[in-house]
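Q: Before we look at individual residues, could you take me through this model feature by feature, giving the general idea each time and then the case at hand?

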Amino acid sequence: MALRVLIQNKGEPKLKKVNPVQDALEREIQDLLAPYPDPMGRTGFRKACRIGTRTSIYLLQSGLVPCESTGNQTRCYKIAKADVAAYLRHRLAEPVYYTPPSGWYKNYPNHKPPAFGLNGAPLVHRGPAQSLLPPARL
């Protein structure tokens with residue numbers, strides 16, 4: 001573990017323990033947020049954090065990431081860089097805390113079911129009349 005010497009006003013050196021992993025994380029976060037203005041908008045927030053549009057809306061509307069609402073219909077969020085950095089740090093420690101609830105993405109307007117499955121095969125969507133279960137025997 002690395003030690004840094006901090007000089008106090010009295011001239012007595014004080015040793016402080018420094019975690020090299022934490023320093024690397026802080027530098028990485030600062031480099032990631034450097035190209036964005038302070039405060040940033042929702043689009044800059046989601047691009048910096050590498051999250052989707054609906055996830056960013058959930059985080060801002062639920063208050064998990066502090067923001068200021070301007071009241072406009074477009075470009076209505078102002079997010080401080082310090083709050084984005086705190087979100088990135090806390091997301092590494094507890095990713096489940098920031099996971100949207102089940103059904104969050106399903107309620108998206110004009111939601112289309114996926115065209116292909118995970119294995120790349122086309123999905124066949126059955127209507128309510130078509131069931132995957134075999135017909136019932138009498």
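**Reading the model**

A: From the N terminus on, the elements of the protein chain run β-β-α-α-α-β-β-α, where helices (H or I, at least four residues) and strands (E, at least two) are DSSP runs, numbered from the N terminus. This is a predicted model, in which local features need pLDDT of at least 70 and side-chain atom pairs count only at pLDDT 80 or more, while totals for chains, interfaces and linings use all residues. Residues are numbered from 1 along each chain as its sequence is written, and side-chain values use heavy atoms, with hydrogens and water left out.

Q: How many helices and strands are there in the protein chain?
A: The protein chain has 4 helices and 4 strands.

Q: What pLDDT does the protein chain average?
A: The general idea is that pLDDT gives the predictor's confidence in each residue, from 0 to 100. Here the protein chain averages 75, and 62% of the residues score at least 70. Over residues 129–133 the pLDDT is below 50, and this stretch has 3 contacts in the model beyond near neighbours in sequence, a contact being heavy atoms within 4.5 Å. Where pLDDT is low, the predicted coordinates should not be read in detail.

Q: What share of the residues in the protein chain is buried?
A: Burial is judged by relative accessible area: buried means under 20%, exposed over 50%, and partly exposed in between (1.4 Å probe, protein chains only). By that rule, buried residues make up 20% of the 138 residues in the protein chain. As for contacts with a separation of 6 or more, 43% of them in the protein chain join residues 24 or more positions apart.

Q: Which residues have the most contacts inside the largest nonpolar core?
A: A nonpolar core is a set of buried Ala, Val, Leu, Ile, Met, Phe, Trp, Tyr and Cys residues joined through side-chain atoms within 4.5 Å. The largest one has 22 residues, and those with the most contacts inside it are Phe45, Leu59, Ile79, Val84 and Tyr87. Helix H1 (20–33), helix H2 (42–49), H3 and helix H4 (81–93) each supply at least two residues of this core. Not counting residues up to four places away in sequence, Phe45 touches several residues, among them Met40, Ile51, Leu59, Ile79, Val84 and Tyr87.

Q: How many aromatic pairs does the ring rule give?
A: Rings of Phe, Tyr and Trp (its six-membered ring) pair if their centres lie within 6.5 Å; planes under 30 degrees apart count as stacked, over 60 as edge-to-face and the rest as tilted. The count comes to 3 aromatic pairs. One of them joins Tyr87 and Tyr98 edge-to-face, at 4.8 Å centre to centre and 85° between the planes. Tyr87 lies in helix H4 and Tyr98 in the segment after H4, so the pair ties together parts that are 11 residues apart in sequence. The rings of Tyr97 and Tyr98 have centres 5.0 Å apart and planes at 90°, so this pair is edge-to-face. Tyr87 is buried at 4% relative accessibility, as is Tyr98 at 8%, whereas Tyr97 is partly exposed at 45%. Ring pairs link Phe45, Tyr87, Tyr97 and Tyr98 into a cluster.

Q: How many disulfides does the structure hold?
A: A disulfide is a pair of cysteine sulfur atoms within 2.5 Å, and the structure holds 0 of them. Cys76 is in no disulfide, the nearest cysteine sulfur being that of Cys67, 8.0 Å away. Cys76 is buried, with a relative accessible area of 15%.
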